[in-house]
Amino acid sequence: MPTHKERLSVLLQTEGTYPYTGGGVSTWCDTLCRELPGVDFYVVAVTGDANVTLRYNLPRNVRALIHVPLWGAEEPTEYINTDQPFADVYLRKQSTTDEVVTRGFVPALREFLRAMEDDAADLWDVARAVTAMYDFVQRYDYTAALRSRPAWRAFLEESHRAYAAARHEYPADSQPSAYDFTTALRWLGHYLMVLNMPVPRVDVAHSSIGASAALAGIVAKIKYGTPFLLTEHGVFIRERAIAVSQTGLSFYLKRFLIRMSALFSRLCFALADQVSPVCDFNRRWELLYGAREEQLLTIYNGINPAVFVPRDKPPANRNIPTVVAAARVYPLKDILTMIQSARIVREEIPNVRYVVYGSLSADPDYVAQCRALIAELNLEETFKLAGFHAQPAEIYNEGDLSMLSSVSEGFPYTVIESMACARPVVATDVGGVSEALKGHGVIVRPRDPAALANGAITLLRNDGLRSYLGRKAR
């Protein structure tokens, strides 16, 4: 932790990205750390699972990496504060009595739960309640507190109160069950896991997402007055609502997850000194959830045009019409729609080839769905899931054009990287995509395979148009 002031220090908070997973946000975080060698970074990396491996070699100015897995650990001390003696852990558990929980933890828990239902809640008061829970957890045992009778009773009372007030929102045949309530409290415990880490004193707290990872920065703001910066790539609450709506969860659990996620975002916007979306599209969502116009400063992503340069296609596919994509294979990238577009393009251009480079480990179930659709449409020779590519500058030059089929984006690197390589882009009109392309590519509606296909066919059949758009994009 920082012990001197000769160098600036930053608490960089990430979730599901740097340094354990590839993608645009991770690229951005890695660039930030490497291009500021005079700044010390303390990275708080929230992950969904405990079993992750580093994707990036950390630069020397990353002074500490604090890994906070939301799932996969029975006790926070398995990954957080691992140097704590077992005797101390045991004594903390023993001292976390019902009386202590009732006095020191339950009031803050109630404040947080009530704010989930009250869009007019004083968010600074809520931030102070979060900090009170943090202070409690630094002295007592987190797991014991959440599993205590007082915490359960408080959660149940607040949940029943919330259900009674919002009952008109529920389908007639839907009401929360005992399973719903116990699951929701368990989830809350996971999503507040970051409160277990000691928050260091730094010069700036900087979160790359308006989610639970940012709670460390909110605590730093309340306890130490640390300036808090939020950089929004995708809009967390929008993407969470999309993801939750597609699950088979009960109405209560869907509503609980979305309400909790919205509170995380609202807290970030209320306490941030500056909110920097990566595109103007994000601003409308940020304003909707409480950001103020004077907080907002759009900072677009950028890439090095000396690295991403146009080259000829490799000889192996020089005479094969080729569509490339750089995308992790998971639902927000909507690879299923891209696969459907390939079937349509193949009817017009029989020897077309699609190659998708990106992680196949982010969502194995979704990858399986994609493989099943490829087989069902008999596209095994047309559509290839090629996995991770270590040299992104080479991806785009393998193709005649690139494609992006996402249902949600910020300001995607894949679009501007392809543009720098003079490969025109066929992309869905989501996030800041249209801000990047601005007449230098083809923009279509999301979830429309025919529109994606028509864009690809138009460019693959018209060498002049494809070359012209590529030069303009570069």
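Arg 445 is exposed in this predicted model, with a relative accessible area of 57%; exposed means over 50%, buried under 20%, and partly exposed in between (1.4 Å probe, protein chains only). The side chain of Arg 445 meets that of Asp 448 in a salt bridge (2.3 Å, N to O), defined as a side-chain nitrogen of Lys or Arg within 4 Å of a carboxyl oxygen of Asp or Glu. Asp 448 itself counts as buried, at 14% relative accessibility.

Residues are numbered from 1 along each chain as its sequence is written. The model being predicted, local features need pLDDT of at least 70 and side-chain atom pairs count only at pLDDT 80 or more, while totals for chains, interfaces and linings use all residues; side-chain values use heavy atoms, leaving out hydrogens and water.

Salt bridges number 26 in the whole structure. One of them joins Asp 334 to Arg 447, with the closest N and O atoms 3.9 Å apart. Asp 334 lies in the loop between strand 7 (322-326) and helix 13 (335-348), and Arg 447 in the loop between strand 12 (442-444) and helix 18 (449-461), so this pair ties together parts 113 residues apart in sequence. Here helices (H or I, at least four residues) and strands (E, at least two) are DSSP runs, numbered from the N terminus. Asp 334 is buried at 4% relative accessible area, whereas Arg 447 is partly exposed at 46%.

A further salt bridge brings together Lys 93 and Asp 141 (3.1 Å, N to O). Lys 93 is partly exposed, at 28% relative accessibility, and Asp 141 is buried, at 8%.
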